[in-house]
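This report describes selected features of one protein model. Please consult the sequence and the structure shown below.

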Amino acid sequence: MNHASDRDAFLQFGNRLRQQHSDQLSAQLQVLRSALLNFVNEHSNEINNNAEFRAKFNQISQLIGMDPLDLLLYSNSGSKKSKLMGKRTTNNYIVGLSVKIVEVCQATRDLNGGLIPLKELQSTIIANALTSLDVNLNITLNDIEQAVQLLNSMGSKNYEILVINKVRWLKFSSLDNLSQDQIKIYELCEFTGGFVTRRLIQDNFHWDKVRCENVINEMIMNGILWLDLQGEDGPQYWEPSWISN
């Protein structure tokens, strides 16, 4: 009797059973997720306007791994398209979106130093919802600006929308106000493919070496400029959103 062969056969059989069980659970979960999305489409008004109903709905969505906030945004996204969005629904939507903004800002703080393009913020929120729900959300830049205004109205003064080179950015966290010199660095990055060098800065702005070094070092320290030592003509200093893209 070949015990090793029998053991291998049992192991393979067990693996097949586990895989079949996993596939069945995944299929059932997908059915539940689809059913919940259909439920949102049919009962979005009750979800938005009935706090007790919404709380129970949130519990169910969490149990099957769906983000209640993404579902809230999804349900109100449908209301926006049909232009039936009431005041309370609008408030729920903007509150939910403001929470998502805070989540993205916290998750990306170490990458961008507290400064993110509004379009990147928008695409990140939409991409996260696509992963969570497998649906596309209809979130506009105007929606995001309203959510930022809400955050500030609730006493949080750490969020500010800036315009640099006609591009809107969200400045968040404890990052100090950008100086005019730092804004000029970002404007130059837009024209040079995302990075600058000391030579480019000095040629364009005619700064002396000390001023150039001070601005660069402060931006690196705050995480809003990244150093690349592999540049062909020496160190390059990158605006983080170009790297993440």
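Which residues make a nonpolar surface patch of about 270 Å²? The patch is formed by Ile220, Leu227 and Leu229.

## Basis of the report

The model is predicted: local features need pLDDT of at least 70, side-chain atom pairs count only at pLDDT 80 or more, and totals for chains, interfaces and linings use all residues. Residues are numbered from 1 along each chain as its sequence is written, and side-chain values use heavy atoms, with hydrogens and water left out.

Patches consist of residues with over 30% relative accessible area and no salt bridge, like charges being joined within 9 Å and nonpolar side chains (Val, Leu, Ile, Met, Phe, Trp, Tyr) within 5 Å. Accessible areas come from the Shrake-Rupley method with a 1.4 Å probe; for residues, only the protein chains shown count as cover. Leu227, one of the patch residues, belongs to strand E5. Its relative accessible area of 45% makes Leu227 partly exposed (buried means under 20%, exposed over 50%, partly exposed in between; 1.4 Å probe, protein chains only).

Helices (H or I, at least four residues) and strands (E, at least two) are DSSP runs numbered from the N terminus, and two strands pair if DSSP finds at least two bridges between them. An open sheet of three strands has antiparallel pairing in the order E4-E6-E5. Strand E4 (195–196) and strand E5 (226–228) are the edge strands, each pairing on one side only. E5 is joined to strand E6 (residues 236–238) by three bridges, and Asp228 stands opposite Gln236 in E6. Gln236 is also 9.9 Å from Arg199, C-alpha to C-alpha, although 37 residues separate the two in sequence. Arg199 lies in helix H8 (residues 198–205) and is exposed, at 59% relative accessibility.

## Hairpin of E2 and E3

Strand E2 (residues 160–164) runs antiparallel to strand E3 (residues 167–171), with five bridges between them. Ile161 is placed opposite Leu170 in E3. Two residues lie between the strands of this hairpin, where Asn165 has a positive phi near 55 degrees.

A salt bridge (a side-chain nitrogen of Lys or Arg within 4 Å of a carboxyl oxygen of Asp or Glu) connects Glu160 and Lys171, with the closest N and O atoms 3.7 Å apart. This pair links distant parts of the chain, Glu160 being in strand E2 and Lys171 in strand E3, 11 residues apart. Glu160 is partly exposed at 32% relative accessibility, whereas Lys171 is buried at 5%.

## Salt bridges in helices

The whole structure contains nine salt bridges. Within it, Glu103 and Lys100 meet at 3.4 Å, N to O. The two are separated by about one helical turn because they are three residues apart in helix H4. Glu103 is partly exposed at 37%, while Lys100 is buried at 7%. Beyond its neighbours within four places in sequence, Lys100 is in contact (heavy atoms within 4.5 Å) with Asp67, Leu69, Asp70, Leu73 and Ile125.

In helix H2 (residues 51–63), Lys56 and Glu52 lie four residues apart and form a salt bridge with a closest N to O distance of 3.7 Å. Glu52 is exposed, at 55% relative accessible area.

## Helix H5

Ile125 is among the buried residues of H5, which also include Leu118, Leu121 and Leu133. Asp134, with a positive phi near 65 degrees, follows the helix.
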